[in-house]
Structures are given as C-alpha cells and as structure tokens.
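This report describes the architecture of a single protein chain. The sequence and coordinates are shown below.

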Amino acid sequence: MPIRLFNTMTRRKEVFESIEPKVVRMYVCGPTVYDSPHLGHGRASVVYDILVRWLKYRGYRVKYVRNITDVGHILEDIGEDRMIVGAKRERLHPMEIADKYTLEYLEAMDKLGNERPSIQPRASGHIMEIIEMVEKLVEKGYGYVVDGNVYFDVSKFEDYGKLSGVKREELIKHRVEPDPRKRNPADFALWKAAPEGYPLRWRSPWGYGFPGWHIECSVMSVKYLGEQIDIHGGARELVFPHHENSLAQTEAYTGKKPFVRYWVHCGLLTINGEKMSKSKGNVVNLLSALEKWGKDVLRMFYISAHYRSDIDFNENAVKMAAENVRRISDVVERVRSMKPVDRPLDEVERKLLEATRRARAEFEERMDDDLDTPGALAVLFGYIREFNRLTSGRDALNAEVKKEVIGFLDMVRRVFGILETRKTEVSTELVEKLISLIVEVREILRREKRYDLSDMIRSRLREVGVELQDTAEGPRWRLLERSGIGFLK
Ligand SMILES: [Zn+2]
Ligand SMILES: [Zn+2]
C-alpha cells in the first residue's frame with residue numbers, strides 16, 4: 001500500500017510520490033525564537049517527527065529541514081518584530097533572545113524524543129542569500145522598491161491565492177496597516193528599511209534593513225532542498241499568509257511549478273477548550289510539561305488525535321494518555337518475561353501469530369492512510385486485548401511467535417517514538433543527592449564505630465571517583481578528576 005497524504009493545495013488525500021525515488025525532501029516551518037516553547041510547538045514537532053519516522057519505516061531516506069526564525073516575523077497586534085518584543089521584555093539584545101530560546105527549543109525537542117532534523121538553519125544566517133533572491137525578484141518584475149522597502153507585487157503572480165483559496169477582497173483586510181506606498185494592499189514585504197540604531201539590520205542594495213518573514217523559508221528551502229521539494233509542513237495557521245507568500249516568491253523566483261508537491265498542515269492545540277494565549281494566561285510551557293508528565297505521555301497525547309484535527313489538552317486527556325502508555329508498556333514487559341520455547345505451535349499460539357500479523361498489517365494500513373494515528377492506536381489496543389486474552393496464565397511462548405510479537409511492538413515504539421530503550425539520563429542533581437545520602441549513611445556507621453563498613457564505603461567511593469574527607473565540621477566530599485564526571489560543580 002502506498003502512503004497517502006492530505007494535500008492542502010488540492011484539498012484531498014493523494015498518493016505520495018516523491019520527486020526522487022525513495023528520497024523525501026521535507027521542509028517544516030520552525031519556531032520564532034522570542035519566547036519559551038509551549039505545548040503547541042510540541043504538537044507540531046511531534047506530528048512531523050512521526051511523519052519522518054513513518055517515511056523512514058516505509059524505506060525512504062528523509063532530508064528534513066526545520067528552520068529557526070530569528071528576524072522579520074512581526075507580531076501583528078503591535079506591528080513589531082517578535083525578536084524586538086522579546087528583547088524589550090528581557091532587556092537583552094535580540095540575538096541574545098534568539099540564542100536563549102533556540103537552545104530552549106532544541107532542549108525541549110530532544111527531551112520530547114524527536115529525531116533531530118537534518119538541518120536547522122537560522123534566518124539571520126542567510127541574509128546574503130535572501131538579498132540575492134529579492135534582487136532577482138525585482139529583476140524579474142515581481143518585486144518593486146519604495147523608500148528602501150521591497151514589496152512583492154501579488155498582481156504579477158497570477159496563481160496568488162491558490163494554496164489558501166483566499167479571495168482578493170479578503171486579502172485587503174488581512175494586511176495590518178495598508179501602506180500607501182504599496183501598489184496593491186495585498187502586496188507583502190520582501191525587505192524592510194530600518195533606521196540607524198535598529199538592532200537587527202543589514203546592508204542591502206536598497207539601504208539598511210531586514211528581511212520580511214516569508215522570504216527566509218523560500219531561501220532556505222531552495223538552498224538546502226532544491227527548487228522543488230516533496231513536503232512542506234507547518235501549523236494550519238501558517239497557510240495564509242506565510243505559505244501563500246512563500247509559494248508565490250519561490251515559484252516566481254525559480255519559474256518552476258510546483259514549488260511543493262504536498263502541503264501538509266496540522267491542526268491547532270487548545271487548553272481546556274480555549275485557545276492558548278498570553279492574555280488568558282493559559283500558556284503551558286513545553287519543558288515544564290515534559291518535566292511533569294514525561295515524553296511518552298505527551299507523545300501519546302499528541303498522537304491520540306489525527307494530525308489535521310485540533311487537539312484539546314486537559315486533565316482527562318493526559319490521564320488517558322498515561323493509561324495508554326501503561327497498557328503498551330505492560331504488554332511489552334509481559335511478552336519479554338515469557339520464556340521462549342522451541343516446540344511446534346499449539347492452537348493458541350497459532351491464533352496469536354495470526355492476530356499479530358493481522359494487527360501489524362492493519363496498523364500499517366492506518367498509518368499509510370494520511371498518518372491515521374488514532375486509527376493505528378485503536379488497532380494496537382484491540383490487539384493488546386486479544387494478546388492478554390490469549391496468553392492469560394501462560395509463562396512460555398513459542399520462540400518464533402514471541403519474536404513476531406516483539407517485532408510488532410518494537411515497530412510501534414519506534415514509529416511513535418515511545419518507550420524506547422535508551423540509556424537512562426541521570427541528572428547532576430540526582431548524582432549529588434545520591435552521593436550525599438551515601439556519605440550520610442557512612443557517617444552514621446562511623447559514629448556507631450562500625451569502622452569496617454564505614455572504611456569500606458570510603459574506599460569504594462574512592463574507586464568510583466569520589467573522595468571523602470572527615471573534617472572537624474563533618475564529612476566533605478569532592479569528585480576526583482579521573483572520575484569522568486567532572487561536569488559536577
Ligand atoms: Zn512553512
Ligand atoms: Zn516558514
């Protein structure tokens with residue numbers, strides 16, 4: 001079965017065919033790094049992570065670019081660059097804000113268990129290429145210059161509106177402030193002039209300024225993935241104007257259609273039925289959420305809804321996600337603990353083998369069908385019920401059947417990115433607390449004059465790289481250099 005994806009451009013599911021066989025070039029719009037990542041960022045990132053995992057499972061090599069926006073993205077309400085908004089809020093340079101929140105975002109992505117994209121380019125690192133693209137657009141007659149600003153003339157691009165379906169009349173009211181210098185109210189900025197002292201500006205053929213938001217994605221997509229790509233992803237709210245404009249710029253620049261074969265958009269995330277917003281005070285920080293619920297529960301919550309649907313975050317949904325993770329982890333433990341035996345299949349094992357193969361095929365079918373994760377989960381939980389029913393009271397399983405069951409469950413864990421076996425991460429804080437606890441116990445033994453034990457603890461601690469000294473103020477410890485955990489304070 002081929003993979004089918006819902007294409008925003010055609011508004012229907014289409015069979016996925018990549019430009020180059022078995023290779024997928026995918027671009028996803030990443031965060032604007034002026035504030036901490038929240039649950040909504042987590043949702044979008046997991047959606048495309050699962051897509052990448054599924055494409056890989058289906059034998060594709062995936063080149064995945066997700067950008068970091070650190071200039072030019074205006075906050076509509078106040079008409080100011082988000083980076084400047086962040087800089088004013090924290091009294092830092094906008095590039096300090098960019099660094100701070102890029103690192104936070106990347107930390108959250110790792111903790112969420114997302115595979116890292118192939119490239120995560122920053123807009124501010126591509127000003128030269130942006131200027132080149134804008135110059136070419138002006139040369140070709142799609143761009144025009146007014147007072148150091150460069151605008152894209154939407155009337156020159158006849159396909160304008162084909163992605164979002166937005167009408168010309170609607171376009172007019174979408175613009176923040178109609179700029180009288182524009183030819184059409186719907187024209188958008190490719191480059192904006194900036195006065196002296198403005199902290200985010202570069203020299204260009206039109207004077208000092210900075211790029212408009214949309215142009216960075218055209219530039220970085222063309223630069224890293226080529227003039228035509230397979231998939232462009234992002235949240236649904238990006239369809240207009242961001243993606244409509246990226247598309248217009250890129251196709252005008254390259255002269256090649258289509259810029260993107262499949263436009264894949266994901267739905268929004270609400271909190272207790274309400275849109276997340278600063279003014280409502282209901283923004284849930286992604287790192288705090290990870291701390292509180294852990295990555296498996298969050299991922300399970302995200303995949304419990306279809307990626308195109310909106311998803312509501314509430315206590316019940318999290319509880320259910322936690323319960324579902326437990327059900328999967330229970331069955332994984334259970335089958336692992338069953339003794340593999342080398343003998344012909346009995347009746348129950350034959351049924352189990354058949355159920356496992358059927359479940360795997362149905363799971364694959366659901367995932368191939370526009371990444372139907374809730375459908376795939378339903379198949380999985382139906383299978384788990386059957387597994388539990390069939391194997392109840394058993395402690396051994398035919399080795400081949402066991403292998404088949406484990407193979408299916410491993411596949412599920414891999415494509416959902418949950419319950420993956422990896423080295424447990426131990427925090428510095430935990431190590432310090434554990435050492436202090438051992439030292440405290442030894443001190444008690446010492447006071448009770450049980451020197452054999454207290455000396456043994458001291459020498460064993462030394463062996464693992466912790467040196468202990470008994471001082472008048474009590475025991476002190478420090479890490480020896482050779483311990484290899486010199487990152488401790
Ligand atoms: Zn995008
Ligand atoms: Zn973008």
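The sections that follow move from the overall organisation to the sheet, the core, the helix packing and selected backbone details.

## Overall organisation

The structure is a predicted model. The protein has 489 residues, of which 39% count as buried. Its C-alpha trace extends over about 85 × 70 × 40 Å along the principal axes. In secondary structure, the protein comprises 14 helices and 19 strands.

Three domains are assigned: domain 1 covers 4-266, domain 2 covers 287-416 and domain 3 covers 428-483. Between the C-alpha centres of domain 1 and domain 3 the distance is 55 Å. Among contacts with a separation of 6 or more, 74% are between residues 24 or more positions apart.

## The four-stranded parallel sheet

Four strands form an open sheet in the order β4-β3-β11-β12, and their pairing is parallel. The edge positions belong to β4 (61-66) and β12 (260-266); each has a single partner strand, so one side of each is left without a neighbour in the sheet. From one strand to the next, the twist averages 20°.

Strand β3, residues 23-28, is joined to strand β11, residues 229-235, by three bridges in the parallel sense. Within this pair, Met 26 is located opposite Ile 231 of β11. Helix α6, which spans residues 213-225, packs on the sheet and touches β3, β4 and β11. The direction of α6 makes about 150° with that of β4.

Strands β1 (residues 4-7) and β2 (residues 12-15) run antiparallel and are joined by four bridges. Asn 7 has Arg 12 in β2 as its bridge partner. Four residues lie between the strands of this hairpin, in which Arg 11 adopts a positive phi near 60°.

## The largest nonpolar core

Which members of the largest nonpolar core touch the most other members? They are Ile 50, Val 134, Leu 137 and Leu 190, in a core of 115 residues. The most is given by helix α1 (residues 39-57), which supplies 10 residues. Both domain 1 (4-266) and domain 2 (287-416) are represented in this core, each with at least three residues.

The surroundings of Val 134 can be listed in detail. When neighbours within four places in sequence are left aside, Val 134 is in contact with Gly 143, Val 150, Leu 190, Trp 191 and Ile 215. Of these contacts, Leu 190 is also one of the core residues that touch the most other members.

## Packing of α1 against α12

The axes of α1 and α12 lie 8 Å apart, and the two helices pack at an angle of about 135°. This angle makes α1 oblique to α12. On the α1 side, the contact is made by Ile 50, Arg 53, Trp 54 and Tyr 57. On the α12 side, Arg 414, Val 415 and Phe 416 take part.

## Cis peptide bonds

Phe 240 and Pro 241 are joined by a cis peptide bond with omega about 0°. Pro 241 belongs to helix α7, which covers residues 239-254.

A cis peptide bond also links Lys 257 to Pro 258, here with omega about -10°. Pro 258 is situated in the loop between α7 and β12.

## Positive phi at two leucines

Leu 371 has phi near 55°, a positive value in a residue other than glycine. Its place in the chain is the loop between α10 (347-368) and α11 (373-391). Is Leu 371 buried or exposed? Leu 371 is buried, because 25 other C-beta atoms lie within 10 Å, and the threshold for burial is 20 or more.

A positive phi, near 50°, is also found at Leu 419, again in a residue other than glycine. Leu 419 occupies the loop between α12 (399-416) and α13 (428-447). With 20 C-beta neighbours inside 10 Å, Leu 419 counts as buried.

Technical notes
Residues are numbered from 1 along each chain as its sequence is written. Chains are lettered from A and ligands numbered from 1 in the order in which they are written. This is a predicted model: local features need pLDDT of at least 70, side-chain atom pairs count only at pLDDT 80 or more; totals for chains, interfaces and linings use all residues. Two strands pair if DSSP finds at least two bridges between them. Axes are lines fitted to C-alpha atoms, for helices over the stretch in contact, and angles run from 0 to 180 degrees between N-to-C directions. Two residues are in contact if their C-beta atoms, placed from the backbone, lie within 7 Å. A nonpolar core is a set of buried Ala, Val, Leu, Ile, Met, Phe, Trp, Tyr and Cys residues joined through C-beta atoms within 7 Å. A residue is buried if 20 or more other C-beta atoms lie within 10 Å of its own, exposed if 12 or fewer, and partly exposed in between; C-beta atoms are placed from the backbone. Domain bounds come from an automatic or database domain assignment. Angles under 35 degrees count as roughly parallel, over 145 as roughly antiparallel, 65 to 115 as roughly perpendicular and the rest as oblique.
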